[in-house]
Every structure is written in structure tokens, then in C-alpha cells.
Amino acid sequence: GVCRDMKRMFYFLLLMVWAFFSPEAHAAPVSTTIPYNANFVWGSLYTTVNAAITECYAIQAGTGNTTIELTTQMTYTETVSVNTRTQLVFTAPGGINCQNNATPVVTLRSGIVAPPNQQIFYNCPAGAILFGTTSSMPVVHAMWWGPSGNQVVDAQPQIQAAIDSIPVTGGTVVLPPSNTGYLLSSGLTVPGGLTLQCSSEGTTNNTKGAVLHYTGSGSAISS
């Protein structure tokens, strides 16, 4: 009985030694790949928005709908046209960086998903981002372009870019409240079918709402 127990202990210790020194036991873990999903594209896996869109169209399989999630800032190298079956979802700090170029243009023909007060369009001048139809995006938030609300940095370029992103058929641009207001060194051009909504929602005693401080000449707002 004692010998048999000692033999079992010997084999157990031998097995433990083999497991410790075995190459397989110390091999690098096998990397796992992101599971393939025909209806979802991780935008951050691609170097440009164009590449993500190309992959998206390749897997749409006819009439399928696809979502592209952007979790990092991405640039683009040529005109981007997002079809009505593709939805962009922006998760901070994800966004599109136009690199201060008005061309090429990014045209979004379907709605996007993004928090109203989160910047998602970086260095995007007026005309760089366009929504294809009013029905796809009836309300656009100016903060997506990141206008400064400190009454020091000119916010006109970002607010005008938000206005110009909406089709001439009309829509609404929402400007959120600010503690000090938005500085405009030049006037805004607002088409007749569009509404510029200066919001006071969520204001407190320390917040004035969306106040525009115009320092230019001529009309502050024209159509």
C-alpha cells in the first residue's frame, strides 16, 4: 500500500514537472479575432473612412443594412458617399477629421448616431460634411462641429458648417447653451427653409443659453 501510494505521488510530481517545462505550457496565447458580423463594421480597424465604407458595401449582401462604428478620429482620401443603408455610429472620441479641406466631400444619406453635445466632425469647414436629405437627419447639432462657447474664439465657422450641412429643403440646427455665449466675427447665412434653434434647455443660473455675440459688420444673420 505504501509503495503504491509513493508510486502515484512520483507520477503526479513527474506530470507537474512536465507541465511546467513543456513548451506548449509557455506558448503565447492564440490571438482571437473580432467575430465577423455581416451587419457591423468596426471603423477603427481601417486607416480611412473610405476603406471602412468600401468594406461595408462589400458585406451588405444586396439589400442589407450595415452599421459602422467610429471610435477614433478618421480621415478620408477621396469623396465619401454613405448610402441610405449605412448608418454611422460615433463613440467618443470617434469622429471624422476633414483636415481643413472643403473638398472632397462626405455625403451622409442616412441618419447618424451621436450624442448632441459631442464633437464628431474635426477641422471640417463649411461644405465638407453634407446630409443627403432632410428626412434622414431633420435635426443637426452644431456641437458636432465643436464651436467654442467661451466668447473668445470665433464660433462662426463651425456654426456655419452645421448650417451648410443641411439640404436646402430645410431642417433644424440646434445650438446648445453656453456660460458666456458664442462669438461671431462675421454673419451667418441661414437659408429660408432652415431653423437655427438657440437652445436654453438645461440652463442654470450660471448659464445664459445659446447667446450669439456678433462683432462683425452688416447683418448678423441673413438668408
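Me: Let me start from the definition: helices are DSSP runs of H or I with at least four residues, strands are DSSP runs of E with at least two, and both are numbered from the N terminus. Where is Arg-85 found?

Reply: Arg-85 is in the loop between strand 4 (80-82) and strand 5. Before we go on, this is a predicted model, where local features need pLDDT of at least 70 and side-chain atom pairs count only at pLDDT 80 or more, while totals for chains, interfaces and linings use all residues. Residues are numbered from 1 along each chain as its sequence is written, and side-chain values use heavy atoms, with hydrogens and water left out.

Me: Thanks! Is Arg-85 buried, exposed or partly exposed?

Reply: Arg-85 counts as partly exposed, because its relative accessibility is 26%. The cut-offs are under 20% relative accessible area for buried and over 50% for exposed, with partly exposed in between (1.4 Å probe, protein chains only).

Me: How far are the C-alpha atoms of Arg-85 and Ser-110 from one another?

Reply: They are separated by 7.0 Å, although the two residues are 25 residues apart along the chain.

Me: Let's zoom out. How many helices and strands are there in the protein chain?

Reply: The protein chain has 3 helices and 18 strands. It has 223 residues, and buried ones make up 39% of them.

Me: And what share of the contacts comes from residues 24 or more positions apart?

Reply: They account for 66% of the contacts with a separation of 6 or more. Contact here means heavy atoms within 4.5 Å.

Me: How many bridges join strand 3 to strand 6?

Reply: There are 2 bridges, and the two strands run parallel. Gln-73 stands opposite Gly-95, which is in strand 6.

Me: On to the inside. Which residues of the largest nonpolar core touch the most other members?

Reply: Out of 47 residues, they are Phe-90, Ile-96, Leu-108, Ile-112, Phe-121, Trp-144 and Trp-145. The largest share of this core, 5 residues, comes from helix 2 (residues 49-59). A nonpolar core is a set of buried Ala, Val, Leu, Ile, Met, Phe, Trp, Tyr and Cys residues joined through side-chain atoms within 4.5 Å.

Me: What is Phe-121 in contact with, leaving aside its neighbours within four places in sequence?

Reply: Phe-121 is in contact with Phe-90, Ile-96, Leu-108, Ile-112, Ile-129, Trp-144 and Trp-145.

Me: There are lots of rings in that list. How many aromatic pairs does the count come to?

Reply: The count is 2 aromatic pairs. One of them, Phe-90 with Phe-121, is edge-to-face, at 6.0 Å centre to centre with 80° between the planes. Phe-90 lies in strand 5 and Phe-121 in strand 9, so the pair ties together parts that are 31 residues apart in sequence. As for the rule, rings of Phe, Tyr and Trp (its six-membered ring) pair if their centres lie within 6.5 Å; planes under 30 degrees apart are stacked, over 60 edge-to-face, and the rest tilted.

Me: Why does Phe-90 count as buried?

Reply: Because its relative accessibility is 3%. Phe-121 is buried too, with a relative accessible area of 0%.

Me: Why is the pair of Phe-121 and Trp-145 tilted?

Reply: It counts as tilted because the planes are at 55°, with the ring centres 4.8 Å apart. Phe-121 lies in strand 9 and Trp-145 in the loop between strand 11 (139-141) and strand 12, so this pair ties together parts that are 24 residues apart in sequence. Ring pairs link Phe-90, Phe-121 and Trp-145 into a cluster.

Me: New topic, the backbone. Which peptide bond to Pro-104 is cis?

Reply: The one from Thr-103, with omega near 0°. Pro-104 is in the loop between strand 6 and strand 7 (106-108). A cis peptide bond also joins Ala-92 and Pro-93, with omega about 5°, and Pro-93 is in the loop between strand 5 (86-90) and strand 6 (95-97).

Me: Last one: what is the phi of Asn-123?

Reply: Asn-123 has a positive phi of about 55° although it is not a glycine. Asn-123 sits in the loop between strand 9 (121-122) and strand 10 (129-131), and it counts as partly exposed because its relative accessibility is 39%. Gln-151, another residue other than glycine, has a positive phi near 60° and is found in strand 12 (residues 150-154).

Terms used
Pairing = 2+ DSSP bridges.
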